[in-house]
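Here is a friendly walk through one protein model, from a single side chain to the spaces inside the fold. Have the structure open as you read.

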Amino acid sequence: MDVALQQSQTKPAPWGRVRRGRYVADRALRVICTLFTALGVFVLGWILLMLLYEGITALSPSIFIATTPGPGTKGGGIANALLGSLVLTVLGIAVATPIGVLAGTYLAEYGKGSKLAEIIRFINDILLAAPSILIGLFVYTLMVKPMGSYSGWAGGVALAIIAVPVIVRTTEDMLRLVPGSLREAGAALGAPLSTVIMSITWRAARAGMVTGVLLATARIAGETAPLLFTALNNNFWFKPNLMGGVANLPVMIYQFALSPYENWRQLAWAGALIITLSILALSVVARLFLKKDNAR
């Protein structure tokens with residue numbers, strides 16, 4: 001019995017059959033992956049082609065000059081929504097950038113493996129995955145309800161909360177890529193850690209940090225859910241104090257696309273095209289910054 005067992009163990013394996021099975025499995029998996037990739041590209045291309053066709057058809061010079069029309073009125077534009085979206089996005093990024101950069105710097109340079117740093121990373125990961133509508137409800141309870149009115153300030157804070165975790169993660173990752181020898185060289189010259197960070201590590205990682213800010217801008221530029229509970233929307237120019245609601249593209253697209261008025265739906269298509277091209281431009285610029293940083 002032992003001899004038979006030894007012979008069976010020393011008997012050569014049927015490699016041809018094994019390789020054939022692996023070959024078939026590899027081909028099958030490759031075909032499945034190709035089919036699903038083609039399906040995804042087809043659906044995405046269909047959406048983009050429809051958006052380009054409908055959006056370009058709806059574009060006209062008046063869109064960039066006139067305000068959004070009222071119910072039943074003809075014509076109109078989205079100038080107030082464009083400016084309102086720009087103000088809300090800039091306000092959100094202006095609030096989020098210093099907080100995100102400083103928090104990411106603390107995690108990469110000061111906190112590192114400390115307990116507090118681990119807690120901050122955990123909270124940051126939760127915010128990255130948090131539904132934006134929950135953030136809108138939070139800011140509604142925190143600001144809109146006590147103030148008694150929708151406002152651009154509440155919308156900016158909601159967008160800032162969404163942008164902060166993106167900037168924190170990108171800043172920490174970029175600073176960790178800076179070689180430790182650069183920090184050691186600055187310390188050898190007698191520079192304090194704060195000077196080393198601002199003059200050496202920030203400068204070495206600035207392209208990646210700017211990329212993070214641009215990606216966060218693209219992330220919040222098309223957010224609709226948080227603005228429904230904070231800035232809402234209107235058909236007029238916003239007030240200088242940003243109180244009483246601020247017209248913006250995402251909410252305007254949501255409301256106009258569901259309306260029974262043909263001109264409203266045309267404006268929704270035009271707004272969707274503009275916001276898509278804007279986000280695409282920001283993504284391309286972010287990739288160029290990141291490519292420049294990698295080339296260095």
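## Glu109 in helix H3

Glu109 is found in helix H3. Please keep in mind that this is a predicted model. Is Glu109 buried or exposed? Its relative accessibility is 6%, and because buried means under 20%, Glu109 counts as buried.

What does the side chain of Glu109 make a polar contact with? The partner is the side chain of Arg183, at 2.8 Å. Leaving out residues up to four places away in sequence, Glu109 touches Leu175, Arg183, Ile197 and Thr201.

## The buried side of helix H8

Helix H8 spans residues 193-204, and Val196, Ile197 and Thr201 are buried in it. These residues lie on the same side of H8, because they cover an arc of only 95° around the axis.

Which helices do the buried residues of H8 pack against? They pack against H3, helix H6 (152-176) and helix H7 (180-188).

## The largest pocket

Now for the open spaces. The largest pocket holds about 230 Å³ of space. It is lined by 13 residues, and Ser85, Leu86, Thr89, Ala221 and Ser278 are the closest to its centre. Helix H3 (79-111), helix H9 (206-221) and helix H12 (262-295) are the elements that each give two or more residues to this lining.

## The largest cavity

How many cavities of 30 Å³ or more does the structure hold? It holds 1, and the largest cavity has a volume of about 40 Å³. Lining the largest cavity are Ser85, Leu88, Thr89, Leu159, Ile220, Ala221, Leu227, Asn248 and Pro250. H3 and H9 are the elements that give two or more residues to this lining, and H3 gives the most, with 3 residues.

By class, the lining of the largest cavity has 6 nonpolar and 3 polar residues, and no charged ones.

Technical notes
Residues numbered from 1 in each chain as written. Predicted model: local features only at pLDDT ≥ 70, side-chain atom pairs only at ≥ 80, totals over all residues. Heavy atoms only, no water. 1 Å grid on protein atoms, 1.4 Å probe; cavity = no way out; pocket = protein on both sides within 12 Å on 5 of 7 lines; lining within 4 Å. Points joined across faces, edges and corners; volume = space filled by probe spheres on them. Helix = DSSP H or I, 4+ residues; strand = E, 2+ residues; numbered from the N terminus. Buried < 20%, exposed > 50% of the residue type's maximum accessible area, 1.4 Å probe, protein only. Arc of directions from axis to C-beta. Contact = heavy atoms within 4.5 Å. Polar contact = N/O pair within 3.5 Å; in protein donor to acceptor, adjacent residues only side chain to side chain. Nonpolar A, V, L, I, M, F, W, Y, C, P; charged D, E, K, R; others polar.
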